[in-house]
Amino acid sequence: MEPRNNVTHFVFLGLTQNPTERKVLFVMFLLFYVLTMAGNLLIAVTVTISKTLDLPMYFVLANLSFMDVVYSSVISPKLISDLFFGKAITAFKFCMIQLFTEHLFGGSEVFLLLVMAYDHCVAICKPLHYLVIMRQWVCVVLLVVSWVGGFIHSVIQFSTVCGLPFCGPNITDHFICDMYPFLKLICIDTYVTGLVLASGGLTCSILFVLLLILYGVVLHSLKNLSQGGRWKALRTYGSHIAVVVFLFVPCIFMYARPAKTFPMDKSLSVFYTVITPMLKLIYTLRNSAMTNAMKNSREEKPCQISDLRSEELHLTIIMWYP
């Protein structure tokens with residue numbers, strides 16, 4: 001007879017049991033969440049109504065902001081609430097919903113970052129052909145592919161975990177509903193299940209390698225800029241690469257491995273669930289094109305590729321992508 005699921009809720013130990021540390025983390029994460037939400041919503045609205053941000057790169061950026069809004073809202077409010085009240089009890093059904101949603105939007109965002117890197121590469125290496133290659137319908141197709149990739153990833157993770165028998169205990173040393181911490185609560189052998197779940201980490205690793213290849217192509221193309229332009233581009237590009245590393249390296253470490261948990265898992269999870277969306281927001285809002293569009297969205301004329309010199313186009317596009 002197969003084991004039955006006797007668990008109706010989960011108890012999360014959270015990031016810390018120390019009351020003072022919980023208060024500090026509560027204030028810090030609440031600030032991060034408010035900034036992430038306000039900034040990404042502002043970006044999405046600005047791109048939608050601004051006449052100066054009608055290029056494909058901004059269409060992709062607005063969708064990334066939307067993904068960050070939903071992804072952060074799936075994780076941060078529950079985390080902040082648990083830190084404030086000191087209780088971290090989550091119903092089984094709600095936990096499965098959180099698991100599916102966080103992997104849907106997180107997975108879609110990872111695919112979208114690759115799309116943005118490709119768009120970036122085209123704009124830097126083929127600036128005069130950019131609008132020919134990156135037509136509106138091409139951007140829509142790539143966006144749909146990103147969503148489909150995230151959906152398939154999420155369905156695989158969700159269906160694998162949801163169908164497993166949780167026989168107790170129901171206490172997990174984590175702060176969100178995720179796969180590997182749950183494997184310790186399952187009363188059957190999880191070796192094959194761990195291999196299925198590791199497919200997500202393998203996908204993330206492949207996308208990371210492709211991103212590095214595209215970044216390498218872009219960095220190589222910067223030799224065509226003047227010395228001043230190249231230095232400005234490298235300073236901006238360094239922050240983009242740092243954000244990608246903060247996102248992908250913890251994800252690869254967490255998911256591209258056998259079914260085993262480590263004490264550092266919770267700290268690494270904070271990077272790609274809470275910190276990375278805010279870091280992307282900071283350097284985006286520092287861009288002069290975005291801040292000018294926020295101030296003068298009704299007054300400025302639409303930006304056209306033909307209005308920019310090659311080096312100006314390079315520098316304009318370099319400022320945008322993680």
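User: Hi! How much of the protein chain is buried?
Analyst: Buried residues make up 52% of the 322 residues in the protein chain. Buried means under 20% relative accessible area, with exposed over 50% and partly exposed in between, using a 1.4 Å probe and protein chains only. This is a predicted model, where local features need pLDDT of at least 70, side-chain atom pairs count only at pLDDT 80 or more, and totals for chains, interfaces and linings use all residues. Residues are numbered from 1 along each chain as its sequence is written, and side-chain values use heavy atoms, with hydrogens and water left out.

User: Thanks! How many helices and strands does the chain have?
Analyst: There are 11 helices and three strands. Helices (H or I, at least four residues) and strands (E, at least two) are DSSP runs, numbered from the N terminus.

User: Which strands does β1 join?
Analyst: Strand β1 is joined to β2 (residues 89-91) by three bridges, and these two run antiparallel. Two strands pair if DSSP finds at least two bridges between them.

User: Which residues sit opposite each other there?
Analyst: Histidine 9 has alanine 91 in β2 as its bridge partner, and valine 11 stands opposite isoleucine 171 in β3.

User: And which face of β1 is covered?
Analyst: The covered face has Phe10 and Phe12, while His9 and Val11 are on the uncovered one.

User: New topic: how many cavities are there?
Analyst: The count comes to four cavities of 30 Å³ or more. On a 1 Å grid over the protein atoms alone, a cavity is a set of points where a 1.4 Å probe fits but cannot get out, and lining residues have an atom within 4 Å of a point. Grid points are joined across faces, edges and corners, and a volume is the space filled by probe spheres set on the points. The largest cavity holds about 340 Å³.

User: What lines the largest cavity?
Analyst: It has 25 lining residues, with Gly106, Gly107, Val110, His153 and Cys251 nearest its centre. Helix α3 gives the most, seven residues.

User: Is glutamine 98 buried or exposed?
Analyst: Glutamine 98 is buried, with a relative accessible area of 5%. This residue is found in helix α3.

User: What does glutamine 98 touch?
Analyst: Leaving out residues up to four places away in sequence, glutamine 98 touches Val74, Ile75, Lys78, Ile176 and Cys177. Contact means heavy atoms within 4.5 Å. A polar atom of the glutamine 98 side chain also lies 3.0 Å from the backbone nitrogen of cysteine 177.

Notes:
1 Å grid on protein atoms, 1.4 Å probe; cavity = no way out; pocket = protein on both sides within 12 Å on 5 of 7 lines; lining within 4 Å. Polar contact = N/O pair within 3.5 Å; in protein donor to acceptor, adjacent residues only side chain to side chain.
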